[in-house]
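Hi,

Here is the structure I said I'd pass on. Have a look first, and my notes follow below.

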Amino acid sequence: MKQKVQITIDGKTIDLDVLEASEGNNVVDVRGLISEGIFTFDPGFLSTASCESKITYIDGDNGVLMYRGYPIEQLASNSNHLEVCYLLLNGELPTSDQYQAFEASIKEKQFIDKNFQNIFNGFTQGAHPMSMVGAAVSGLASLYHEETDIANADDRMTTAHRLIAMIPTLAAMAYKHGRGESFVEPDPSLGYAENFLNMCFGETGKPSAVSKTIADAMDRIFILHADHEQNASTSTVRMAGSTECNPYAAISAGISALWGPSHGGANEAVLTMLQEIGDVSRVGEYVKKAKDKDDPFKLMGFGHRVYKNFDPRATVMEESCKAVLAELGVEDEPLLQIANALEKIAREDEYFIERKLYPNIDFYSGITLKAVGIPTELFTVIFTLGRMPGWITHWNEMLSAPYKIARPRQLYLGEHKRDFVAMSDRG
Ligand code: ACO
């Protein structure tokens with residue numbers, strides 16, 4: 001029998017349907033409440049399902065993350081980022097022919113219009129690459145607005161391929177511009193992660209010098225970040241997209257949301273924090289600050305809104321991180337020693353244990369990126385590259401079925417109606 005929830009409003013009992021999830025929590029359908037003259041209140045959407053989705057499943061209590069039903073650990077060990085992009089977009093793993101066609105489509109679309117590249121000249125040197133990447137992605141609308149019909153499934157898929165193809169090129173251009181260096185063209189003979197690293201750190205005309213270990217670690221970071229159901233940036237993309245705005249603009253809104261230190265900016269914030277701590281001897285002092293209710297300081301890279309036991313991505317990333325550190329022989333690097341000491345204290349301290357605050361993926365990805373020599377300002381850009389297939393898949397899923405413009409309500413606590421007072425009569 002179908003589950004129901006009953007609520008009573010001023011003596012009147014209302015039956016609310018419970019919608020069944022294929023995995024995890026069922027949800028109470030509260031849509032009918034509006035006709036009863038009452039709204040639900042859920043700041044931060046902690047208890048609210050904002051949509052139906054078939055893309056990604058998270059069980060935060062048991063540390064489970066699956067893309068299209070496949071556990072993240074299996075994808076991180078056996079797949080590559082482009083295959084994961086295909087899986088997210090299409091719902092199934094590709095056959096060999098499908099994979100080759102997808103890869104060819106991405107490689108063909110990696111190049112950025114020469115005139116459009118001038119957009120970077122408008123930015124000051126040293127500007128944060130996230131500001132440039134957000135603007136450049138939004139700017140792509142100027143190239144493709146007329147030919148993109150968001151009601152057409154083929155056009156939506158072309159948009160998805162373009163964004164997955166172009167984001168590494170734009171990200172690398174932002175980085176190069178920030179350093180006052182000339183752009184390096186995409187090289188279709190290289191894998192997705194290697195090509196990105198070569199465009200950042202290579203030189204035009206010279207063969208790629210990116211090591212396989214570093215390219216593999218980067219590809220894994222992309223896979224681990226590829227989607228995370230209705231997180232802040234993905235919900236932002238859905239919300240902006242629900243207005244039927246241009247998809248490049250909707251994705252740019254997601255990039256802005258990702259930039260914050262409570263979300264994608266956390267991996268950069270981890271490194272900034274480790275630099276601020278400066279020495280292993282000061283770790284205790286910073287742990288004390290993090291526990292002090294009167295101090296706004298938080299340990300960056302610890303805690304998660306959804307994972308309250310462990311973050312499965314952090315487990316995979318920790319493994320990669322340790323392998324990379326061992327291969328590079330940099331375990332003794334001072335910042336990494338501080339990170340180790342922090343991790344140890346936080347895992348043993350009652351405050352962190354009680355609140356289920358474990359190192360999250362950003363903690364280990366931040367350390368890995370630092371160890372392989374990636375500049376800190378690129379960390380969140382790398383998250384952006386990884387998350388692109390997730391954002392665009394959610395946007396496509398939303399537009400593929402009936403949807404409504406996202407328009408939350410509020411609990412108004414402001415003034416009652418009052419009359420305007422002329423300035424000369426104000427106290
Ligand atoms: N350091 C110290 N204390 C913390 C931390 C932290 N990193 N995170 C949470 N707490 C404390 C809170 O102060 C609160 O304590 P209280 O119960 O005594 O009031 C308790 O733990 C619960 O915290 P909430 O803020 O309610 O947890 P929420 O789920 O809202 O926030 C968040 C999660 C934003 C990730 C938070 O843990 C945080 O700011 N962490 C640091 C930033 C970070 O690493 N972000 C990356 C998130 S992962 C990602 O985007 C891929």
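Predicted model: local features only at pLDDT ≥ 70, side-chain atom pairs only at ≥ 80, totals over all residues.

Before the rest, some housekeeping. Residues are numbered from 1 along each chain as its sequence is written, and side-chain values use heavy atoms, with hydrogens and water left out.

**First sheet**

Helices (H or I, at least four residues) and strands (E, at least two) are DSSP runs, numbered from the N terminus. Two strands pair if DSSP finds at least two bridges between them. With that in hand, three strands make an open antiparallel sheet in the order 1-2-3. Strand 1 (4-9) and strand 3 (27-28) are the edge strands, each pairing on one side only. Strands 1 and 2 run antiparallel and are joined by six bridges, with Thr 8 opposite Thr 13 of strand 2. Strand 2 (residues 12-19) is joined to strand 3 by two bridges, again antiparallel. Across that pairing, Val 18 faces Val 28 and Leu 19 stands opposite Val 27.

Another open sheet has three strands in the order 4-5-6, with antiparallel pairing. Strand 4 (56-59) and strand 6 (70-71) each have a single partner strand, so one side of each is left without a neighbour in the sheet. Four bridges hold strand 4 to strand 5, and Tyr 57 stands opposite Met 66 there. Strand 5 (residues 64-67) pairs with strand 6 over two bridges, where Met 66 is opposite Pro 71.

Both connections are hairpins. Between strand 4 and strand 5 there are four residues, and Gly 63 in the turn has a positive phi of about 65°. Between strand 5 and strand 6 there are two residues, and Arg 68 takes a positive phi near 50°.

**Two buried residues**

Ile 55 sits in the loop between strand 3 and strand 4. Is Ile 55 buried or exposed? Ile 55 counts as buried, at 1% relative accessibility (buried means under 20% relative accessible area, exposed over 50%, partly exposed in between, with a 1.4 Å probe and protein chains only). Leaving aside neighbours within four places in sequence, its contacts (heavy atoms within 4.5 Å) include Met 66, Tyr 67 and Arg 68, as well as Leu 88, Asp 227 and Thr 393. Ile 55 and Glu 229 are 174 residues apart in sequence, yet 7.2 Å apart in space, C-alpha to C-alpha.

Thr 380, in helix 16 (residues 379-399), is buried with a relative accessible area of 0%. Not counting residues up to four places away in sequence, Thr 380 touches Met 130, Leu 258, Trp 259, Gly 264, Gly 265, Asn 267 and Glu 268.

Helix 7 (residues 212-225) has 14 residues and reaches 20 Å from its first C-alpha to its last, close to the expected 20 Å (the expected span is 1.5 Å times one less than the number of residues). It is mostly covered, with 11 of its 14 residues buried. Among the buried ones are Ala 215, Met 218, Asp 219, Arg 220 and Phe 222.

Helix 7 also gives the largest share, six residues, to the lining of the second largest pocket. On a 1 Å grid over the protein atoms alone, a pocket is an open set of points where a 1.4 Å probe fits, with protein on both sides within 12 Å along at least five of seven lines; lining residues have an atom within 4 Å of a point. This pocket holds about 270 Å³ of space, where volume is the space filled by probe spheres set on the points, joined across faces, edges and corners. Of its 21 lining residues, the closest to the centre are Asn 80, Ala 193, Ala 215, Asp 216 and Asp 219. The elements giving two or more residues to the lining are helix 1 (72-78), helix 2 (81-90), helix 3 (96-108), helix 6 (192-201) and helix 7.

Cheers
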